[in-house]
Amino acid sequence: MLKIVKTSIAIAATSIVFAAPAQADVAEALQNICTIVKADDKSELRKKMKRVQSDYRLKLQDYYTGITCGGNSLIRTAMLNDAVETGTLMVKKMPKSDLSAPEKDGKTVVAWASENGLTTSPIVAVLNDRI
């Protein structure tokens, strides 16, 4: 009985030790994603997304809501910076349901774009075609 308790404690401690660095590593891996989006570097964004997916088994939809660039989501940041290539890539990689869902401020990406005069953005056109 004592062996079972010791083994359980050892397993629990080990899982805690390995879980914390994994979250830090994901944050480190995604550290410069805002810069990549702003620079409209589609190939670098694609590499970053593939690396995160292969290393941590996370897709864009898994970490999209957790990343803000100056208070804006990644797609909004792409629109503000005329980053058509990266914005289009993200719109195509995200599930339709996530694209039409309200973001942290309660507005959908399309509603936010119309409020900010970005309805002529090519990203909005791709977004409207997708949802």
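Colleague: How many disulfides does a search of the whole structure find?

Modeller: The model is predicted, so local features need pLDDT of at least 70 and side-chain atom pairs count only at pLDDT 80 or more, while totals for chains, interfaces and linings use all residues. Residues are numbered from 1 along each chain as its sequence is written, and side-chain values use heavy atoms, without hydrogens and water. A disulfide is counted when a pair of cysteine sulfur atoms lies within 2.5 Å. By that rule, the number found in the whole structure is one.

Colleague: Which residues form the disulfide, and how far apart are their sulfur atoms?

Modeller: A disulfide is a covalent bond between the sulfur atoms of two cysteines. Here the pair is Cys 34 and Cys 69, and their sulfur atoms are apart by 1.9 Å.

Colleague: Why does the pair tie together parts that are apart in sequence, and by how many residues?

Modeller: Helices are DSSP runs of H or I with at least four residues, numbered from the N terminus. Cys 34 lies in helix α2 (residues 33-38), whereas Cys 69 lies in the loop between α4 (60-63) and α5 (74-80).

Colleague: Is the disulfide left-handed or right-handed?

Modeller: The torsion about the S-S bond of Cys 34 and Cys 69 is about -85 degrees. Because of this torsion, the disulfide is left-handed.

Colleague: Is Cys 69 buried or exposed?

Modeller: Buried means under 20% relative accessible area, exposed over 50%, and partly exposed in between, with a 1.4 Å probe and protein chains only. The relative accessible area of Cys 69 is 5%, so Cys 69 is buried.

Conventions: Helix = DSSP H or I, 4+ residues; strand = E, 2+ residues; numbered from the N terminus.
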